[in-house]
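Q: I have a chain open on my screen and would like to go through it with you. Could we begin with the pocket lining?

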Amino acid sequence: MNISDLERDALYKVIYARRDVRRDFISTPIPDDVLERILNAGHHAPSVGFMQPWDFVLVTDDQTKQAIKQGYDTASVESANQFSADKKEQYQSFKLEGILEAPLGICVTCDRERNGPVVIGRTIKKEMDLYSTVCAVQNMWLAARAENIGFGWVSIIHDDVLRTALDIPDHIDIIGYLCLGYVSEFQEKPELETFGWLPRAPLNQVVHHGKWTKNTKPNAPDTK
C-alpha cells in the first residue's frame, strides 16, 4: 500500500504540530469513536516480539484525579529543589500538568511478564518492552493531534501514587500518566522553547555520519 504525497504531508504536519499540552483544556468530552481511534493507534504500535505489553487505564473520576494531582504537587516541590536558584524560580513559574482540567486521564502501563519470560527481540536488550510501550504513547500522541485533541504527558509523579490511586498490581510497570482533551488553542511552539528554558538543537548537531563524532558546541546554531 503506497502513501500518497498528500497523506505524507499530513503526517509530517501532525508530527511538527504535536505539543505537550498542559493548559487550555476545555470541558468538551471526547466522543467514544474518537477515543477508540486514539487507543487503537496506541494498540497498533510496534512491539518487540509482538508481545503488546501495554495496558491503558482510563481516568475520568474527579476524586481519583484529585489524588493524582496531590501526588504531582508533592513531586513538583521535590523536583524544584533539585534545580539551581535561578532555574528553580523559572521552573516554579511553569504549568507542567493538566490533571484536573483535562476531561480524560490515561495511565499507560507495561506488563513485562506478558507472553512468557523469553520474547523475540528481548533476549539481549531486556528493556525493549518498555520502549515498545513508549512507541504506543507516541502513536496515541500523534493520533490525538490529528483529532485536534490536546495531549500532555505528566512525568513529575511517583509511581506509588498512581499505583495506589488506580489499583495497579506491583508487577506492572508504570510508563506515564497522560492528560487528554479538546483545547481552546494549540501553541505555535513547545512552551519550554517559547519560555526560553532551552532552544531546539539543530539537526546537524545530532546526526553522525559513519562514526560517532564530537560536536563542537552544545546547541550550536545551524548555519546551513
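Q: Which helix gives the most to the lining of the largest pocket?
A: In this predicted model, α7 gives the most to that lining, with 3 residues.

Q: Which helices each supply at least two residues of the lining?
A: These are α1, which spans residues 5-17, and α7, which spans 191-194.

Q: How much space lies in the largest pocket?
A: The largest pocket holds about 470 Å³ of space. Its lining comprises 21 residues, and the closest to the pocket centre are Arg18, Pro190, Glu191, Glu193 and Arg200.

Q: How do the residues of the lining divide into nonpolar, polar and charged?
A: The lining of the largest pocket has 11 charged residues, 9 nonpolar and 1 polar.

Q: Back to α1, then. At what angle do α1 and α5 pack?
A: The angle between α1 and α5 (residues 128-146) is about 105°, and their axes lie 9 Å apart. The pair is therefore roughly perpendicular.

Q: Which residues make that contact?
A: On the α1 side they are Val14, Ile15 and Ala17; on the α5 side, Leu142, Arg145 and Ala146. Of the residues in this contact, 5 are nonpolar, 1 is charged and none is polar.

Q: A change of topic: what is the mean pLDDT of the chain?
A: The mean is 93, and 96% of the residues reach 70 or more.

Q: And where is the pLDDT below 50?
A: That applies over residues 220-224. Beyond near neighbours in sequence, this stretch has 6 contacts in the model.

Technical notes: Residues are numbered from 1 along each chain as its sequence is written. This is a predicted model: local features need pLDDT of at least 70, side-chain atom pairs count only at pLDDT 80 or more; totals for chains, interfaces and linings use all residues. Side-chain values use heavy atoms; hydrogens and water are left out. pLDDT is the predictor's confidence in each residue, from 0 to 100. Contact means heavy atoms within 4.5 Å. On a 1 Å grid over the protein atoms alone, a cavity is a set of points where a 1.4 Å probe fits but cannot get out, and a pocket is an open set with protein on both sides within 12 Å along at least five of seven lines; lining residues have an atom within 4 Å of a point. Grid points are joined across faces, edges and corners, and a volume is the space filled by probe spheres set on the points. Helices (H or I, at least four residues) and strands (E, at least two) are DSSP runs, numbered from the N terminus. Ala, Val, Leu, Ile, Met, Phe, Trp, Tyr, Cys and Pro count as nonpolar, Asp, Glu, Lys and Arg as charged, and the others, Gly among them, as polar. Axes are lines fitted to C-alpha atoms, for helices over the stretch in contact, and angles run from 0 to 180 degrees between N-to-C directions. Angles under 35 degrees count as roughly parallel, over 145 as roughly antiparallel, 65 to 115 as roughly perpendicular and the rest as oblique.
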